[in-house]
Number of protein chains: 2
Amino acid sequence: MHGLKILVADDEEKMRQVIRIYLENEGYIVIEASNGQEALEKIKETKFALVLLDVMMPEIDGWTLCRKIRQEFCTPIIMITARGEEYDKLFGFELGVDDYITKPFSLREMIARIKAVLKRSNGDKNMNNNILKVGALEIKPRYRQIFLENKEMVLTPKEFELLNFLCQNPEIVYSREQLLNQVWGYDFLGDLRTVDTHVKQLREKLGSHKKYICTVWGTGYKFRVGD
Amino acid sequence: MHGLKILVADDEEKMRQVIRIYLENEGYIVIEASNGQEALEKIKETKFALVLLDVMMPEIDGWTLCRKIRQEFCTPIIMITARGEEYDKLFGFELGVDDYITKPFSLREMIARIKAVLKRSNGDKNMNNNILKVGALEIKPRYRQIFLENKEMVLTPKEFELLNFLCQNPEIVYSREQLLNQVWGYDFLGDLRTVDTHVKQLREKLGSHKKYICTVWGTGYKFRVGD
DNA sequence: TAGCTTCATCACAAATTCATCACAGTAGAT
DNA sequence: ATCTACTGTGATGAATTTGTGATGAAGCTA
């Protein structure tokens, strides 16, 4: 269990330092990356036992980076997220993530999770590949694919995340604000109506099944398969 | 979720003001404290739903204050920190902080975090996930659906809220004024008779069960299932 | 860099809901 | 029985909310 390399991607130096000290103390070799781009390059160069990824990063945010890593590598990933309602995001669909830690967290907790993930990834693979089927839709979160009547939909990242989120929580009504928080993140500063535009796009791509996404007047949207 | 008291402790007047405006707009009651001492006194006087605490304060700094509060109270605390500072302390976690926000932050993010913390501290007992059955009605607040004899009613937002409110408080008589306050909100300035119109609509949609909503002559309305 | 995709925002149109009013109907009091 | 105060109801224009196409910015790829 010693000498394993761990990549710590976080834009805050102080944060990286604290983590480095603890991890080295546990016998790991720590490589740092201060932004997403750098992280991606280092992953391509070196084989890591694990990647520790902060969600909040400038340039490339954690989710995007995670997706990019997963396109090529199966290195275990632990996300560091701000505490809040992003749980669904993690559980629901970004299943490429092996575990996550919410800030503020204790370093003891972090170490424990790292060990657990490493153990699992060696003992291998009860890969949580859970595929979800709702109506004519089939969702493979791990591959970032959604099939409509067995044909793969061509979706942009945002479209994927929005549709996936709605599908993972069918029948539940979400306000535009909630959707922004869940899908875009707390730090999105934009217009509520942005949601509408994406809903429009999704409906267009859903074609005859556009009624899966239904408007709840005065409230928001929900995914609904029945009726 | 309305009328909850929040203490904002920050030495910068401007900052407090901005936060106050935003929070009040969301229906919270805001009390300000311009330094640690003052904050501590106010906490001892009043019971707050949440404390928003800036780390950087003269006299008593945020960390010390946080510890002092925790010695006596379990009020949820959200810390406002400058980015990149003092991670060790947050890590330590021994301070019992419920969440923290790093400056600069958006007000939307702040609100979202506040709501998340409040929700958690309520143990989610406010989760109106409870499905309620009264007579031939079945109410699923989370889905924003009301079923009448197992058939979903098609309701406008106001209709939904009014019927839901009445059902959640059966047998209790409400005056038009009370209903306006509860369902429309205190800031509604309109005509009392507006309630009547909506009651009419509901009765129409209730069809043969219209007597669920009954008129209490000279007083108001109530929901009644029996008799 | 140029070309392409994705994204957020805006403005306008369309759809839906809402509050109000006037008048009809009803319960209760005298 | 008659009167008065209160409630029921249909119609209507205003207000709110949502749908949608266009547009320019930002990001990515080659």
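# A walk through a predicted model

Chain A exposes about 10600 Å² of surface, and carbon and sulfur atoms supply 48% of that area. Keep in mind as you look around that this is a predicted model. Of the 227 residues of chain A, 53% count as buried. The secondary structure of this chain comes to eight helices and twelve strands. What about contacts between residues with a separation of 6 or more in chain A? Residues 24 or more positions apart account for 55% of them.

Let us begin with a sheet in chain A. Four strands form an open sheet in the order β6-β7-β8-β9, with antiparallel pairing. Strands β6 (132-134) and β9 (151-152) of chain A stand at the edges with a single partner strand each, so one side of each has no neighbour in the sheet. Strand β8 (residues 145-148) of chain A pairs with β9(A) in the antiparallel sense over two bridges. If you want to find this pairing in the picture, look for Leu148(A), whose bridge partner in β9(A) is Lys151(A). Helix α6 (residues 157-168) of chain A packs on this sheet, where it touches β6, β7 (137-140) and β8 of chain A. The direction of this helix makes about 110 degrees with that of β7(A).

Now move to chain B and find strand β4 (residues 77-82). Is this strand mostly covered or mostly uncovered? Strand β4(B) is mostly covered, since five of its six residues are buried. Strand β3 (residues 50-54) of chain B runs parallel to β4(B), and four bridges join the two. Together with helix α3 (residues 62-72) of chain B, the strands β3(B) and β4(B) make a right-handed β-α-β unit. Strand β4(B) also pairs with strand β5 (residues 99-103) of chain B, in the parallel sense and over five bridges. Here Ile78(B) has Asp99(B) in β5(B) as its bridge partner.

Next come the charged side chains. Over all chains, the count comes to 21 salt bridges. In one of them, the side chains of Lys42(A) and Glu38(A) meet at 3.2 Å, N to O. Why can these two reach each other? Lys42(A) and Glu38(A) are four residues apart in helix α2 (residues 36-45) of chain A, so about one helical turn separates them. Lys42(A) counts as partly exposed at 23% relative accessibility, and Glu38(A) counts as partly exposed at 24%.

Another salt bridge joins Asp196(A) to Arg176(A), with the closest N and O atoms 2.6 Å apart. Because Asp196(A) lies in helix α8 (residues 194-206) of chain A and Arg176(A) in helix α7 (residues 176-184) of chain A, the pair ties together parts that are 20 residues apart in sequence. Asp196(A) is buried, with a relative accessible area of 15%, while Arg176(A) counts as partly exposed at 21% relative accessibility.

Chain B has a salt bridge between Arg144(B) and Glu161(B), with 2.7 Å between the closest N and O atoms. Arg144(B) lies in the loop between β7 (137-140) and β8 (145-148) of chain B, and Glu161(B) in helix α6 (residues 157-168) of chain B, so this pair ties together parts that are 17 residues apart in sequence. Glu161(B) counts as partly exposed, at 32% relative accessibility.

To finish, return to chain A, where a network of salt bridges links Arg16(A), Arg20(A), Glu24(A) and Glu32(A).

Key: Residues are numbered from 1 along each chain as its sequence is written. Chains are lettered from A and ligands numbered from 1 in the order in which they are written. This is a predicted model: local features need pLDDT of at least 70, side-chain atom pairs count only at pLDDT 80 or more; totals for chains, interfaces and linings use all residues. Side-chain values use heavy atoms; hydrogens and water are left out. Buried means under 20% relative accessible area, exposed over 50%, partly exposed in between (1.4 Å probe, protein chains only). Contact means heavy atoms within 4.5 Å. Accessible areas come from the Shrake-Rupley method with a 1.4 Å probe; for residues, only the protein chains shown count as cover. Two strands pair if DSSP finds at least two bridges between them. A crossover is right-handed if, with the strands pointing away from the viewer, the path from the first strand over the helix to the second runs clockwise. A salt bridge is a side-chain nitrogen of Lys or Arg within 4 Å of a carboxyl oxygen of Asp or Glu. Axes are lines fitted to C-alpha atoms, for helices over the stretch in contact, and angles run from 0 to 180 degrees between N-to-C directions.
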